[in-house]
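User: I'd like to go through this one label by label. Can you tell me what each call rests on?
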Amino acid sequence: QVQLVESGGGLVQAGGSLRLSCAASGLTFSRRTMAWFRQAPGQNREFVASISTSDANTRYWDSVKGRFTITRDNAKNTVYLQMNNLKPEDTAVYSCAASWRSIWSNQYDYWGQGTQVTVSS
């Protein structure tokens with residue numbers, strides 16, 4: 001059974017930083033493209049960042065470029081999202097996802113439950 005478990009969310013002031021983690025089990029992690037998505041109240045889920053199997057390639061949503069960094073540790077079956085210079089509009093539930101497809105696809109096969117990130121002004 002595939003499980004993706006996020007952690008690291010919380011309440012932070014604007015300008016602050018958080019590091020999210022997503023621990024994967026039940027799949028061959030090193031062969032999966034991994035990504036982070038977010039969903040704010042009343043909004044559609046939106047793509048944040050993705051990383052290829054070998055972490056050689058990454059992709060970011062424009063609004064987080066230069067502030068967020070996605071990395072992965074295949075030995076630990078974990079993907080991370082370092083979020084710096086957080087803004088109130090970054091407030092959302094952040095979820096990780098796994099896929100067989102490339103980082104350019106928005107189709108993902110497995111999803112975590114999410115972790116809440118709240119940025120106060």
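Analyst: Strands here are DSSP runs of E at least two residues long, helices are runs of H or I of at least four residues, and both are numbered from the N terminus. By that scheme, Asn-85 lies in the loop between β8 and β9. Keep in mind that this is a predicted model, where local features need pLDDT of at least 70 and side-chain atom pairs count only at pLDDT 80 or more, while totals for chains, interfaces and linings use all residues. Residues are numbered from 1 along each chain as its sequence is written, and side-chain values use heavy atoms, with hydrogens and water left out.

User: How many helices and strands does the protein have?
Analyst: Zero helices and 11 strands. Read along the sequence, the pattern is β-β-β-β-β-β-β-β-β-β-β.

User: What makes Asn-85 partly exposed?
Analyst: Buried means under 20% relative accessible area, exposed means over 50%, and partly exposed is in between (1.4 Å probe, protein chains only). Asn-85 has 43%, so it is partly exposed. Asn-77 gets the label too, because its relative accessibility is 26%.

User: What makes Phe-37 and Tyr-108 an edge-to-face pair?
Analyst: Rings of Phe, Tyr and Trp (its six-membered ring) pair if their centres lie within 6.5 Å; planes under 30 degrees apart are stacked, over 60 edge-to-face, and the rest tilted. The structure holds four aromatic pairs. In this one, the centres are 5.4 Å apart and the planes are at 75°, which makes the pair edge-to-face. The pair links distant parts of the chain, with Phe-37 in strand β4 (residues 33–39) and Tyr-108 in the loop between β9 (92–99) and β10 (110–111), 71 residues apart. Both Phe-37 and Tyr-108 are buried. Together with Phe-47 and Trp-111, Phe-37 and Tyr-108 form one aromatic cluster.

User: Which residues is Asn-57 in contact with, leaving aside its neighbours within four places in sequence?
Analyst: Contact means heavy atoms within 4.5 Å, and the partners of Asn-57 are Ser-50, Ile-51, Ser-52 and Ile-103. Asn-57 and Ile-103 are 46 residues apart in sequence, with their C-alpha atoms 7.8 Å apart. Asn-57 belongs to the loop between β5 (46–51) and β6 (58–60). Its relative accessible area is 44%, so Asn-57 is partly exposed.

User: What about Ser-63: where is it found, and why is it called partly exposed?
Analyst: Ser-63 is in the loop between β6 and β7. It counts as partly exposed because its relative accessibility is 35%.
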